[in-house]
Amino acid sequence: MNVLVQRLVSTPVVLSERDAKVPTFEQIYAAWFHEVARWVRAFGGLEADVEDLTQEVFMVVRRKLDTFDGRNLPGWLYRVAQRTVRDYRRRAWFRRIFAGKPAEAEAESPSGWMRAADPGEILEQREAEKTLGQILSQMSAVRRTAFILFEVEGYSGEEIAELEGIPLNTVWTRLHHARKDFIQLVQKARAEGRIS
Amino acid sequence: MRPLREHTDSMDPNLLAAQALLAKVGPLEPSADRQRRVRLRLDSSSRQPLPPLLRPALIAAVLLAVTGAGAKIGGVLPASPMKAVEELFSKPVQSLAEPVAQAKASTQALRAKAVEARADEAPQAEPPAAGASHARKARPAAPGASSESAKLVVEAMKARRSGDSARASKLLKEYQRKYPEGALQEEALALRMEAAAGRGDASAAKLARQYLSRYPNGRFRDQAQRVLASAKH
């Protein structure tokens, strides 16, 4: 028998404190999939493909689970999702610039996060999402994330503060400015006839 | 702080428009289907991050594009360098050795072709700008294609709302034919099926069968099954 295999077989399995604290990938996937999808939607600005991005996040989670120290799982997942979406958006920008892919084609990709309903309603909803997505894409990433989490996903200020690891007052400040930006952008869209 | 949609005491038209827009978009609903789909894709995907050894291929491709040499070696670069790079990204990686070898070979081929192209074309070489514009022309991007497709669907929606389901069906059929890879293919088929069923058209059952065979787990599966069931009676 190979020496390395012999050593592996004869080594007693002792779970470290970290291993005892860290859930398995299966457990994380089952318990956190939906939350991660919601965050991804907030980071991606509604237009992004939630399924593709959530898949990317869990690929990173699977790869980096060994390096996770077992403390604050939601915070860790949130940061992984944040970085993954940010990188995705950069790559998308790069593709648009260098491969000439129209931005609209990406915005049009199916996000797959709507409830099954009347197909007509879904199309109308998609139109609204597209308009909203275009407005939100003009906001800064930090404000947009806070805005979507609070206004669309229904997170409380306290929950956002915990996820972001920032003081509650900072969340309120971000939301205050985000709301101001949003209403100004809506005003502009109305003036241009994009919305009624 | 209350969410915007709860501010009911203001008559500011911009605030009202903002509220109306937000009201159309709800929170992400939990979906077991989505969770299962992503899981299946995760299990079947063995894609790895770009190994450091692949980076020279990427840099070489970008440099060739920038200097215009890429345009002269059309046999190596299919349409745009990024396309070739994207192909590298998109191929499932079974083992590290294979893509690394592929990338090295591709980098060497690119370098060899670039040297060859420069040597052959040096006397009458066009300025880089001309090469770059040629590369731009070769790109498959069709500006406005997605807005055209959206227009068709929006027109179909308008026809549907005004009760002209025949026109709606015609437009949706056109959308399906013109944009087989369109993002709204599933919805277009479901809408056509719905419109045909509304008219009592016999083609509704055919469209329902088509829907179920294309999207066995689709969002309008129930509607398709209902159309099929009513067609049998």
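I am working from a predicted model, in which local features need pLDDT of at least 70, side-chain atom pairs count only at pLDDT 80 or more, and totals for chains, interfaces and linings use all residues. Residues are numbered from 1 along each chain as its sequence is written, while chains are lettered from A and ligands numbered from 1 in the order in which they are written.

**Helix pair.** I looked up α3 (residues 25–44) and α8 (residues 141–152) of chain A, whose axes come within 8 Å and cross at roughly 135°. That angle makes α3(A) oblique to α8(A), since angles under 35 degrees count as roughly parallel, over 145 as roughly antiparallel, 65 to 115 as roughly perpendicular and the rest as oblique. I then listed the contact (C-beta atoms, placed from the backbone, within 7 Å): A:Arg41, A:Ala42 and A:Phe43 of α3(A) meet A:Thr145, A:Ile148 and A:Leu149 of α8(A).

**Core.** Next I turned to the largest nonpolar core, which has 44 residues, and noted that A:Val36, A:Val40, A:Val57, A:Ala81, A:Ala146 and A:Phe147 touch the most other members. A core of this kind is a set of buried Ala, Val, Leu, Ile, Met, Phe, Trp, Tyr and Cys residues joined through C-beta atoms within 7 Å. I found that α3(A) gives the most to this core, with nine residues.

**Arginine.** Last, I checked B:Arg5, in the segment before α1 (13–23) of chain B. With 14 other C-beta atoms within 10 Å, B:Arg5 is partly exposed, where 20 or more would be buried and 12 or fewer exposed. B:Arg5 touches B:Gln19, B:Leu22 and B:Ala23, not counting residues up to four places away in sequence.

Notes:
Axes are lines fitted to C-alpha atoms, for helices over the stretch in contact, and angles run from 0 to 180 degrees between N-to-C directions. Helices (H or I, at least four residues) and strands (E, at least two) are DSSP runs, numbered from the N terminus. Two residues are in contact if their C-beta atoms, placed from the backbone, lie within 7 Å.
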